[in-house]
Amino acid sequence: MAPHAVIAIARRIRRRLTAPGPTYPLRLAILTMLLETFVFLRHQLTLATTARRELPAEPLRLNLGSGSDVRPGWLNIDFMGDADLLVDLRRPLPLHDRSAELAYSEHTLEHLDYPTDAEAFLRECLRVLRPGGVVSVGVPDGEPAIVDYPSGAGWYEHWAPSFPPRLSTRMERLNYLFRQDGDHRFAYDSETLLALLHRVGFTDARRRRFDPAIDSAAREDGTLYVEARAPLAGAGP
Ligand SMILES: C[S@@+](CC[C@H](N)C(=O)[O-])C[C@H]1O[C@@H](n2cnc3c(N)ncnc32)[C@H](O)[C@@H]1O
């Protein structure tokens, strides 16, 4: 079955299971169990078959959480869709140490629990990067929504056409940025994201500008981009 058909069916099941009603908490728990079971089995299947597969020549450029942004010449990794490697980014990656030059991730880190899964994921990025290799991360920028909250202008007016119509108050919209109906697990500002990168062992973490060579044009607006380096061999912490 084609990936988009699977996703369409999964969405329909999800809509049914998340409809309001007295059994909503139980249905949500069942949905989570089904999704986690699917992700676990898919990861195991990939582990069982990856050893036999030919991965692109090193050093790799990794697109982590590729979604529909599957990039030719990159190793696209996601737990669903048309990725080259279908694995759970919360678990160790089936890649060799120091095999990548770039670990790139756009609008995915916010889908991982913070700090547990976010740290585990970035530690894996560090492990698979060669010394001096770059981790580059883009996430929804949480800061403007906080800064503009008192006025309700700026961020709130700018994004008004994009919010689901059911969201009308500033607090509903702020929560949507942070939680996105449960899909988002954490909202970042640059201070938190840079501290996280340093904490897992990256160096030279800094905010960077949108880079049309690697970033998606559709993501420029509203995205906080940062990058950092894996320490050079022999460099101390
Ligand atoms: C909002 S989409 C971003 C896709 C793409 N990078 C872009 O910017 O359009 C988030 C992606 O992260 C993937 N994802 C979320 N959690 C994941 C996990 N634990 N393991 C693997 N992929 C995950 C989702 O499947 C989805 O494709």
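**Notes on the model**

1. Leaving aside neighbours within four places in sequence, L174 is in contact with A145 and Y149, where contact requires that the two C-beta atoms, placed from the backbone, lie within 7 Å. This is a predicted model, in which local features need pLDDT of at least 70 and side-chain atom pairs count only at pLDDT 80 or more, whereas totals for chains, interfaces and linings use all residues. Residues are numbered from 1 along each chain as its sequence is written.

2. L174 belongs to helix α6, residues 170-179, a helix being a DSSP run (H or I) of at least four residues, and a strand a run (E) of at least two, both numbered from the N terminus. The C-alpha atoms of L174 and L75, 99 residues apart along the chain, are separated by 34 Å.

3. L102 is placed in strand β4, residues 100-106, and counts as partly exposed because it has 19 C-beta neighbours inside 10 Å. Beyond four places in sequence, the contacts of L102 are R61, L62, G133, V134 and S136. Between the C-alpha atoms of L102 and T50, which are 52 residues apart along the chain, the separation is 20 Å.

4. Around the ligand there are 17 residues, of which G65, G67, F79, L89 and H111 come nearest, a residue being near if its C-beta atom, placed from the backbone, lies within 6 Å of the molecule. By class, this shell has 3 nonpolar, 8 polar and 6 charged residues.

Definitions and conventions
A residue is buried if 20 or more other C-beta atoms lie within 10 Å of its own, exposed if 12 or fewer, and partly exposed in between; C-beta atoms are placed from the backbone. Ala, Val, Leu, Ile, Met, Phe, Trp, Tyr, Cys and Pro count as nonpolar, Asp, Glu, Lys and Arg as charged, and the others, Gly among them, as polar.
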